[in-house]
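Q: Hi! Could you walk me through the pockets and the ligand site in this one?

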Amino acid sequence: MEKKWWMGKVAYQIWPKSFADGNGDGIGDLEGIIGKLDYLKDLGIDIIWISPVYQSPLVDQGYDISDYYAINPVFGDLETMDRLIAEAKKRQMYVIMDLVVNHCSDEHPWFQEALKDPEGEYGKFFYIEEKKNGKLPCNWRSYFGGSVWEPIPGTNKYYLHSFHKKQPDLNWENPKMRQEIYKMMNWWLERGIAGFRIDAIINIKKKLPYKDYEPDRDDGLAFVGKMLDEAEGIGEFLEEMKHETFEKYDAFTVGEVFNDKPGAVEEFIGENGHFSSKFDFGPELCGKHGCWYKNETVTPEMYKEVIFDSQEKTGEIGFLSNIIENHDEPRGVSRFIPQEDLSEDAKKALACVYFFLRGIPFIFQGQEIGMENCHFPDIDAYDDISTLDDYRVCKEAGYSDEEAMEFAYCFSRDNARTPVQWSDEENAGFSTHKPWIMVNPNYKTINLKSQQQDETSVYHFYKKLISLYKDEAYHDTFTFGKCIPYAREQKNLIAYERKGEGVDLLILANFQKEPQKVTLPAKCEKVLLNNKDELRISEGEITLQGYQAVVIRM
Ligand code: GLC
Ligand code: CA
């Protein structure tokens with residue numbers, strides 16, 4: 001396998017609005033990010049993914065772009081962005097941006113032109129249709145609720161939006177549109193970014209001609225994702241994109257790829273795949289069944305099975321990007337650790353387990369201090385459009401306000417979008433101004449400043465994880481070594497080996513409060529990492545305390 005610069009790197013996701021506020025208006029910004037580069041470097045981060053900062057009405061928090069060539073003044077300007085890229089480079093760090101090209105904002109000039117003249121050049125940049133025999137082209141339900149079809153005022157036409165109605169889908173069947181996108185991507189790559197995280201990409205290929213699917217809710221609509229199972233030929237678009245853009249720059253690309261069709265691993269991230277990497281969403285999808293109220297609580301056994309399943313499917317074909325959370329998910333510690341067991345040890349154990357899997361570890365802002373889900377006082381305190389829709393669906397299904405709020409506490413995307421808790425000062429040290437969204441009230445106890453002063457904190461554990469990962473003696477094994485599940489049947493034990501040339505590492509985590517014994521596959525040479533003070537090892541056997549996690553060299 002050809003070695004690439006990004007293999008073995010550690011990545012960090014910044015969701016700018018809530019990361020750090022540089023100018024004191026209560027909203028995170030680029031200046032705020034620049035101010036934290038030394039912090040990220042010291043933590044051990046190599047690649048920084050910045051969620052969208054382009055010009056946007058922020059209906060979907062920047063995933064609705066009205067100008068791909070401009071920075072939203074709320075976040076800064078191009079000069080600041082250039083400085084951020086340069087400052088990162090000085091520290092041997094790479095910046096990747098979010099590429100949102102399944103759709104743009106309805107405020108984008110292309111769409112504005114399309115509205116004026118749906119039959120004209122820019123009308124062809126979108127999917128615009130008329131009703132036939134009084135019927136819309138299909139019954140697909142958008143990701144954020146309601147039909148994907150929205151009327152164009154003053155006409156008998158409708159445009160398609162897979163997400164919010166303010167996010168019209170771009171027509172990828174139109175080669176002219178595609179060229180415009182490639183031009184824009186190259187413009188950013190020329191500015192010195194190292195690549196892209198590629199948003200919602202699977203949606204760019206529609207199953208055409210349109211057709212209805214079996215309704216899956218009382219609204220008579222069918223989930224738009226249904227169409228994706230049947231859509232074929234996305235590879236042609238993605239290969240073209242690759243040749244026209246990132247291949248020329250040796251860029252790092254990580255796709256938000258949800259579906260798991262046979263052969264998808266090879267196709268997307270194999271040696272000649274469309275992207276460098278794709279996120280492993282196995283854990284995020286685990287126990288989800290279409291609506292909040294149908295979701296199951298994830299048990300350690302369920303979690304273990306999904307991560308091993310992804311590892312097995314991927315093997316050495318390519319590199320997954322491993323996460324426990326992102327800006328679309330609740331906090332990983334609140335989702336994958338049974339609530340009654342949530343503790344610093346458990347947070348460290350979860351970190352240890354996902355971090356050393358084969359692939360590229362991504363840390364989401366605040367994860368490194370163990371930030372948790374947030375109790376919002378009422379539905380009006382939430383901002384996220386998707387949360388508001390899911391909440392409505394629960395209410396319509398007959399759940400009380402209290403129940404629907406509890407679901408939101410467990411699953412809302414805003415759980416990950418509260419400001420990073422830098423200190424116990426006012427507004428958690430995020431801003432001198434009242435933040436745009438509430439701060440999690442637990443910031444007095446969970447914050448970076450206090451954790452920096454405490455060697456046993458979650459934060460220091462993350463630092464240790466990263467430095468072990470990068471230790472010359474093990475870096476190749478963590479990067480390229482095989483990942484082999486160990487004692488998979490042993491309940492509430494999550495264990496695997498990482499095997500490289502002449503190196504055999506064992507990662508063990510006890511996901512329960514009670515101690516448990518584990519038989520070792522070989523003699524323990526050295527304990528490389530331990531989230532507790534002690535470790536009981538005797539002849540071929542180890543006793544792990546509740547939520548104890550260790551990395552051992554065999
Ligand atoms: C992706 C983003 C999400 C956004 C959606 C529409 O899933 O991660 O935040 O809402 O795409 O762009
Ligand atoms: Ca600001």
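This is a predicted model: local features need pLDDT of at least 70, side-chain atom pairs count only at pLDDT 80 or more; totals for chains, interfaces and linings use all residues.

Q: Great. Which residues come nearest to ligand 1?
A: Asp 60, Asp 199, Glu 256, His 327 and Asp 328, out of 14 residues around ligand 1. A residue is near a molecule if one of its heavy atoms lies within 4 Å of it.

Q: And how does that shell divide by class?
A: The shell around ligand 1 has 7 charged, 4 nonpolar and 3 polar residues. For the classes, Ala, Val, Leu, Ile, Met, Phe, Trp, Tyr, Cys and Pro count as nonpolar, Asp, Glu, Lys and Arg as charged, and the others, Gly among them, as polar.

Q: Which polar side-chain atom of Asp 199, if we start there, lies how far from a ligand 1 oxygen?
A: A polar side-chain atom of Asp 199 lies 2.8 Å from an oxygen atom of ligand 1. His 103 has a polar side-chain atom 2.9 Å from a ligand 1 oxygen, and for Arg 413 the distance from such an atom to an oxygen atom of ligand 1 is 3.0 Å. A polar contact here is a pair of N or O atoms within 3.5 Å.

Q: How much of ligand 1 does the protein cover?
A: The protein covers 95% of the 310 Å² of accessible area that ligand 1 has on its own. Accessible areas come from the Shrake-Rupley method with a 1.4 Å probe.

Q: Where does ligand 1 sit, then?
A: Ligand 1 takes up space in the largest pocket; a molecule sits in a pocket if more than half of its atoms lie within 2 Å of its grid points. On a 1 Å grid over the protein atoms alone, a pocket is an open set with protein on both sides within 12 Å along at least five of seven lines, a cavity is a set of points where a 1.4 Å probe fits but cannot get out, and lining residues have an atom within 4 Å of a point.

Q: What volume does the largest pocket have?
A: About 1,400 Å³, where a volume is the space filled by probe spheres set on the points, and grid points are joined across faces, edges and corners.

Q: What lines the largest pocket?
A: There are 44 lining residues, with Tyr 143, Phe 223, Phe 258, Leu 285 and Lys 288 nearest the centre. They divide into 16 charged, 15 nonpolar and 13 polar. The largest share, 4 residues, comes from α14. Helices are DSSP runs (H or I, at least four residues) and strands likewise (E, at least two), numbered from the N terminus.

Q: Switching topic: how many cavities of 30 Å³ or more are there?
A: The structure holds 2. The largest cavity has a volume of about 50 Å³, and its lining includes Trp 15, Pro 16 and Phe 75. The second largest cavity has about 30 Å³ of space, and Asp 280, Tyr 303 and Leu 357 are among its lining residues.

Q: Last one: where is the cis peptide bond?
A: It runs from Leu 208 to Pro 209, with omega near -5°. Pro 209 lies in the loop between β10 (195-198) and β11 (222-223). Gln 92, a residue other than glycine, has a positive phi near 55°, and Gln 92 lies in the loop between α3 (78-90) and β5 (94-99).

Conventions:
Residues are numbered from 1 along each chain as its sequence is written. Chains are lettered from A and ligands numbered from 1 in the order in which they are written. Side-chain values use heavy atoms; hydrogens and water are left out. A polar contact is a pair of N or O atoms within 3.5 Å; within protein, one must be able to donate a hydrogen and the other to accept it, and residues adjacent in sequence count only if both atoms are side-chain atoms.
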